[in-house]
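Hi,

Here is the structure I promised to pass on. My notes on it follow below.

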Amino acid sequence: MSAAVTSRLERCRGLLGGLGVDALLVSAAADVRYLSGFRGADATLLVGADFAFICTDARYWDQVREEVDGFALVEVRGELLDGSVGALRATGAKGRLGIQGAALSYASYRTVRRRYGGGLRDVGAAVTRLRAVKDADEIAVMRRAGRVTDEALAAVVAGGLVGRREMDVAWRLREEYQRLGAEGEAFPAIVAGGAHGAQAHAIPGERVIAAGELVVIDTGARVDGYCSDITRTFAAGQPTDELRRIYDVVLAAQLAGLAAVRAGAHGRDDVDAASRAVIDAAGHGARFGHGTGHGVGLEVHEAPGLGRTQGDTLAAGMVCTVEPGIYVEGLAGVRIEDTVLVTADGCERLTTATKELQVVD
Ligand code: ZN
Ligand code: ZN
């Protein structure tokens, strides 16, 4: 068994007592991958004090043998959760079973409940949080994902923005990721010009980018399963003074947020508060409707939280974003985002593209 799998499995087993469960049914795909190394879509893990099973179906039997060691393979015929719980029962296990409520549909939950005789307990994000602090290998991959993201964004914007459709710019980012050896994009890119940029999660469409607009581009590569996440706001042609002023406020807010990131800082009370204070002071508080950041890893949104309503204490080795924004309905949006590695006394930026307002034709 690889050292990483051994240590992750032991950390997972270490949760059992504190959670008051005898075994865990891990069904969230990113957690399955993290704990076992399996990259396929449909598998569950069953982890008890003295057993560790990976359950999947015939489509994945070869793949699971290649990718996974340290877990006994359970070959499920029929419905995955039904077969997984059946395998657990076959061991004679009757104690309380921990489930991941957020990763089970209600129908799946009913299947588990019907098939398993013992008690169930939703363990929330307990297993998922094992992934929050990254090890050296994960950090190396995430540095690479950041570099690929920087490089792809620069290459695409160098081709100009004015006169291009948002969706074509988004498509070009995917081409660049592939050219640079990434698996693809970590999430569908946001490319939104002018008033469209005031929608924080705008979907790029047929809209043609015009001179004088700000253009929000939010994108990230996926490398070896790990995500990167950057936002830059570009000026397509010379922006007005009003747009420049908004940009400068967001930049100051992002730098204040980054300056607050360090091991021991709190995502809400320190990082979000630092960014939000700058935007509030400029009178734009009501135009910053989302959290300042989020953890990044195998998923583009994961622990820790860095929002106004929820936050976690940061630890060295966590990877998170800092991404304040201002959204002015009918006019423009500005967001500036970096993915950073939390260190003992600050952070290391994994996305390093310049934050001077770039004027692009
Ligand atoms: Zn983003
Ligand atoms: Zn983000």
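Donors are N, O and S atoms within 2.8 Å of the metal (3.2 Å for Na, K and Ca), and water is not among the atoms, so sites may look incomplete.

Bear in mind that this is a predicted model, where local features need pLDDT of at least 70, side-chain atom pairs count only at pLDDT 80 or more, and totals for chains, interfaces and linings use all residues. Residues are numbered from 1 along each chain as its sequence is written, chains are lettered from A and ligands numbered from 1 in the order in which they are written, and side-chain values use heavy atoms, with hydrogens and water left out.

Now the zinc ion (ligand 1): its protein donors are Asp218 (OD), Asp218 (OD), Asp229 (OD) and Glu337 (OE), at 2.0 to 2.6 Å. The angles among the four donor atoms run from 55 to 150 degrees, and the site is irregular. Along the chain the donors follow D-x10-D-x107-E. Aspartate 229 also coordinates the zinc ion (ligand 2), and the two ions sit 3.1 Å apart.

Both aspartate 229, at 3% relative accessibility, and glutamate 337, at 0%, are buried (under 20% relative accessible area, with exposed over 50% and partly exposed in between; 1.4 Å probe, protein chains only).

Cheers

Methods. Four donors count as tetrahedral if all angles lie between 85 and 135 degrees; four count as square planar and six as octahedral if opposite donors are over 155 degrees apart and all others between 65 and 115; anything else is irregular.
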